[in-house]
Amino acid sequence: MIPFANEARRHFDCVAMKYGLSCVVADEQRVRYENGEVFLGVNFDNGRSYEIGVEIGQKIPNKVERPFSLAEILRLRTVPAGADIDGLSVSNTTKLADDLQLLSDLTSSHADDFLRGNDLSFAQVAKLREKESIAYEIQRDLRSARAQAEKAWEARNYAGVVAALEPVKSHLSPSEAKRLEYSLTKASS
């Protein structure tokens with residue numbers, strides 16, 4: 001196990017103090033700060049994948065917490081580092097300190113409104129998450145449809161091509177749309 005809690009606190013206590021957040025949990029997997037409105041978590045999958053990340057969320061009475069990752073916040077802000085820190089993994093104490101410094105700096109620079117509990121910012125990142133989720137589902141469905149259509153095409157099973165591609169018609173490339181049109185005419189004849 002890589003020693004985490006003290007190192008995380010060394011890098012994030014100053015961020016937390018700026019926003020009136022108190023440390024409520026500090027162990028070798030997570031450090032959590034909170035006040036009455038928001039929470040800030042630094043998580044470390046210590047001893048397994050060694051993945052490290054930051055999450056921020058609102059504390060809303062009688063509601064399940066909905067944390068947003070720092071990577072999501074950076075993508076909302078179109079900060080290129082958002083892609084770099086998504087799935088960030090550390091392998092030794094030196095890299096842990098460097099990555100915690102990076103995450104602390106990014107949090108300070110780009111999450112001010114979140115740490116102040118700005119409702120509009122949380123609504124915007126929630127909308128981004130939904131949009132990314134829909135895009136992911138579309139890509140997943142397209143991959144599956146393309147694989148099914150290719151098998152059907154090779155077998156000259158035009159009805160199978162139609163069945164695979166019709167549900168994702170609006171997302172097809174021009175050549176796939178032509179293949180679908182061709183298959184429609186062949187399947188109906």
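The points below concern helix packing, aromatic rings and a few individual residues in this predicted model.

1. Basis of the note. Local features are reported here where pLDDT is at least 70 and side-chain atom pairs where pLDDT is 80 or more, while totals for chains, interfaces and linings use all residues. Residues are numbered from 1 along each chain as its sequence is written, and side-chain values use heavy atoms, with hydrogens and water left out.

2. Helices α1 and α4. Two packed helices are described by the angle between their axes and the distance between the axes. The axes of α1 (residues 5-18) and α4 (residues 93-110) come within 9 Å and cross at roughly 15°; axes are lines fitted to C-alpha atoms, for helices over the stretch in contact, with angles from 0 to 180 degrees between N-to-C directions. The two helices are therefore roughly parallel to each other, where angles under 35 degrees count as roughly parallel, over 145 as roughly antiparallel, 65 to 115 as roughly perpendicular and the rest as oblique. The crossing of α1 and α4 is right-handed, a label that applies if the near helix is turned clockwise from the far one by less than a right angle, left-handed being the anticlockwise case. Residues of α1 that meet α4 include His11, Phe12 and Val15, and those of α4 include Leu100, Leu103 and Thr107 (contact means heavy atoms within 4.5 Å). Helices (H or I, at least four residues) and strands (E, at least two) are DSSP runs, numbered from the N terminus.

3. Helices α6 and α8. For α6 (residues 119-154) and α8 (residues 174-188), the axes come within 12 Å and cross at roughly 50°, and the pair is therefore oblique. The crossing in which α6 passes α8 is left-handed. On the α6 side the contacts come from Arg146, Glu150 and Trp153, which meet Glu176, Arg179, Tyr182 and Ser183 in α8.

4. The surroundings of tryptophan 153. The charged end of arginine 179 sits over the ring of tryptophan 153, 4.2 Å from its centre; the criterion is NZ of Lys or CZ of Arg within 6 Å of the ring centre and within 35 degrees of the ring normal. Tryptophan 153 is partly exposed, with a relative accessible area of 26%, whereas tyrosine 158 is buried at 16% (buried is under 20%, exposed over 50% and partly exposed in between, with a 1.4 Å probe and protein chains only).

5. Other ring features. Phe4, Phe44 and Tyr50 are linked into a cluster by ring pairs; rings of Phe, Tyr and Trp (its six-membered ring) pair if their centres lie within 6.5 Å, with planes under 30 degrees apart counted as stacked, over 60 as edge-to-face and the rest as tilted. Elsewhere, the charged end of arginine 32 sits over the ring of phenylalanine 39, 4.2 Å from its centre.

6. Positive phi values. Threonine 78, in the loop between α2 (70-76) and α3 (81-85), has a positive phi of about 55° although it is not a glycine, and it counts as exposed at 66% relative accessibility. Arginine 156, in the loop between α6 and α7 (158-165), has a positive phi near 55°, and arginine 156 is exposed at 64% relative accessibility.

7. Alanine 26. This residue lies in strand β1 (residues 22-26) and is partly exposed, with a relative accessible area of 42%. Not counting residues up to four places away in sequence, alanine 26 touches Ala5, Arg9 and Val31.
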